[in-house]
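Here are my notes on this model, point by point. Please keep the structure open while you read.

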Amino acid sequence: MGWDFAIEPLLPWPLLAGLALAGLAFIAISVFIRGRGWVLRAVALALLLAALVNPSLRNEDRETLSDIAVAVVDQSRSQSFGDRTARTERALNDLKQAVARLGNTELRVVTVASNASAENDGTRLFAALNEALSEIPPERFAGAVFITDGQVHDVPAAPGKLGLNAPIHGLITGSRKEIDRRIVIEQSPRFGIVGKEQTVRFRVEETGAAPGPIGVTIRTNNGEEHSVEVEPGQSVSIPVLVDHGGQNITEIIADALPGEITAQNNRAISIIEGIRDRLRVLLVSGEPHPGERTWRNLLKADASVDLVHFTILRPPEKQDGTPIKELSLIAFPTRELFVEKLDEFDLIIFDRYQRRGILPMMYLANIAEYVKRGGAVLIAAGPDFAAEDGLYNTPLNAVLQVVPSGQILQGGFKPEVTERGQRHPVTRGLPGAQGTTTNWGRWFRLIDAEAQSGEVVMSGLDNKPLLVLSREDQGRLALLLSDHGWLWARGYEGGGPQTELLRRLAHWLMKEPDLEEEYLSGKQDNDNIVIERRTMADTAEPVTVTLPSGTARQVELKQVTPGVWRASLPVTEPGIHRLADGKLTAAVAIGSADPKETADPVATEDKLAPVTRATGGGLYWLEDYSGLPRLVKADAGRQMAGSGWLAFKANDAHRIRAVHEVPLFSTLGSLGLLLMAFAAMWYREGR
């Protein structure tokens, strides 16, 4: 760089100005009175003022710094639709080459992918730009280029307050001719009471399509489906029955639109978590016995259980003259319980019940039908089950797949979990069951029986069946072939997990997903999807995971404990992931179940337009150009965008490495010149 003139006064400017005015006044008086030597006085005053002003010549050794531009590349899920990926790659390569031709300009590239968290859903280009700007000095920032489809979800509400001193340009990768059809869930409850209906409301939206009715298929989690026709934009409400605990999934599928940009958003899923209000249990005890109070205490201790308990204190055949009206506090409402309100109970428990003419055979036949329709029955058997008047010799044997031999085995034994029971969720991992033998207390009575079907999950004396679980049509039945479970509750020989076993039995009978033997599920664990398969089989088939983008991946499972197989898959996309292994299907929502990336995938310039206007940038559809709009540099204050061209700001930023300065009146020569002027002035005055 050349030399510059610099001034660094030795005194404040106001004081210098005062001295100059005083000197000029003195000279003016000298001229007025025609004093001798006023010219020499003026020269001396000028030299003195020049010395006090301290002028100098300065030369700076500068290093030119490059301008820095930022390319924010949208690699979110919506960028995979149509030709957007290819256009993005081509535009980025062309931009790199164009910046290289500009000279003295550096390009920094930032990529943005779809986020898998529900809290940070969508395409967040401005967050990425702000992070990049934190490492760029403001005086070197030349501008930014967004290569995107225009679906940006973190556009500032006040673009004029961004505080950027350089333009932001947008290169739109989509097409103006894109069309799309999508499902929008307007209302979907997160929770619902099992057995009750919830309302799911949705609408179908279209962009660029001709108006007309649209076919929509509604598919529930039990496999049932039906079709309806809706108009675009019309809100449609559908009732959804929450028929079990856990996830109840309803899938809504709109017919594909020919030529639409993507069919991924033609599907939407409503996930309602089923919860039970209260568990209604009917407990019928055939006679008073030590274990009766234990059953009642266990059920009453659970606040979520509504218990109706009847105990047959006196068999009808007993005749002792007691008046009929004094035999019971209330009449046993057999018809009301076993005919009119039978289906209102979630679980029926028979505790040492035997046929004594109190319940007619027709009522027991009703209970068998109740099981087949989806009901649940638990039989805690004692000696009554081996007798001729036991429940097996009633119409209830239509769902009883355990045949008693008529023998009662006596002798101490520790209940054991069978090999099949180690895989079954009801008995797998029961407290105290670890290792080859259990450390539970002993029982002393077992009803000898043969299980013709179902799962024998616990065994007793001589490896005879102790606990048998079976499925009958849509319902379930559990049979405990001993009435000595109360010994555990009393803590005999250390007791056992009676409370936990009963809880698991009730939940299995209620078809709770956590206690299903055959079950496929998935959940998000940080950046992974954890897939779990529960099965009674020796092996588990690979699981096919269909990503929200439609890509399918096969995952091999590994056994982590008997009956439980797991695997993990890294999360790469937000949205609904569908799992299938050929027998079971499941769905897991990663991040948002309705991600913004597919909510409206049609390319647009409307969202970025306020920002580009506020910063002086421009918007360009790449489909209008064979390559990239012409890229130039422009000085600050000049126009930064136009038809077919865009500009980065030329900042002329530099760094000073050294400064060379030559004082003009701080040298011996200037001091000598000043002394000569004063000497000449005195000499002239002395003559």
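1. Phe-413 is buried. Trp-443 is buried too. Keep in mind that this is a predicted model.

2. Phe-413 belongs to strand E19 (residues 402-413). Trp-443 belongs to strand E21 (residues 443-451).

3. Now widen the view. Phe-413 and Trp-443 share one aromatic cluster with Trp-440 and Trp-488. Across the protein, the count of aromatic pairs is eight.

4. Another pair is Tyr-620 with Tyr-625. Why is this pair edge-to-face? Its planes meet at 65°, and edge-to-face means an angle over 60 degrees. The ring centres lie 6.4 Å apart, and the limit for a pair is 6.5 Å.

5. Is each of these two tyrosines buried or partly exposed? Tyr-620 has a relative accessible area of 5%, so it counts as buried, the cut-off being under 20%. Tyr-625 has 27% relative accessibility, so it counts as partly exposed.

6. Check two charges over rings. Arg-280 lies over the face of Phe-345, 5.3 Å from the ring centre. Arg-476 places its charged end over the ring of Trp-508. Here the distance to the ring centre is 5.1 Å.

7. Next, look at a sheet. It is open, with three strands in the order E34-E36-E35. The pairing is mixed. Strands E34 (630-635) and E35 (641-642) are at the edges. Each has a single partner strand, so one side of each has no neighbour in the sheet.

8. Which way do E34 and E36 run relative to each other? They run parallel, joined by six bridges. Strand E36 spans residues 645-650. Asp-635 stands opposite Ala-650 in E36. Helix H3 (residues 84-102) packs on this sheet and touches E34 and E36. The direction of H3 makes about 40° with that of E34.

9. Finally, the whole protein. It has 13 helices and 37 strands. Of its 687 residues, 47% are buried. Take the contacts between residues at least 6 apart in sequence: 73% of them join residues at least 24 apart.

Notes. Residues numbered from 1 in each chain as written. Predicted model: local features only at pLDDT ≥ 70, side-chain atom pairs only at ≥ 80, totals over all residues. Heavy atoms only, no water. Phe/Tyr/Trp six-rings, centres within 6.5 Å; stacked < 30°, edge-to-face > 60°. Helix = DSSP H or I, 4+ residues; strand = E, 2+ residues; numbered from the N terminus. Buried < 20%, exposed > 50% of the residue type's maximum accessible area, 1.4 Å probe, protein only. Lys NZ or Arg CZ within 6 Å of the ring centre and 35° of its normal. Contact = heavy atoms within 4.5 Å. Pairing = 2+ DSSP bridges. Axes fitted to C-alpha atoms, helices over the stretch in contact; angles between N-to-C directions.
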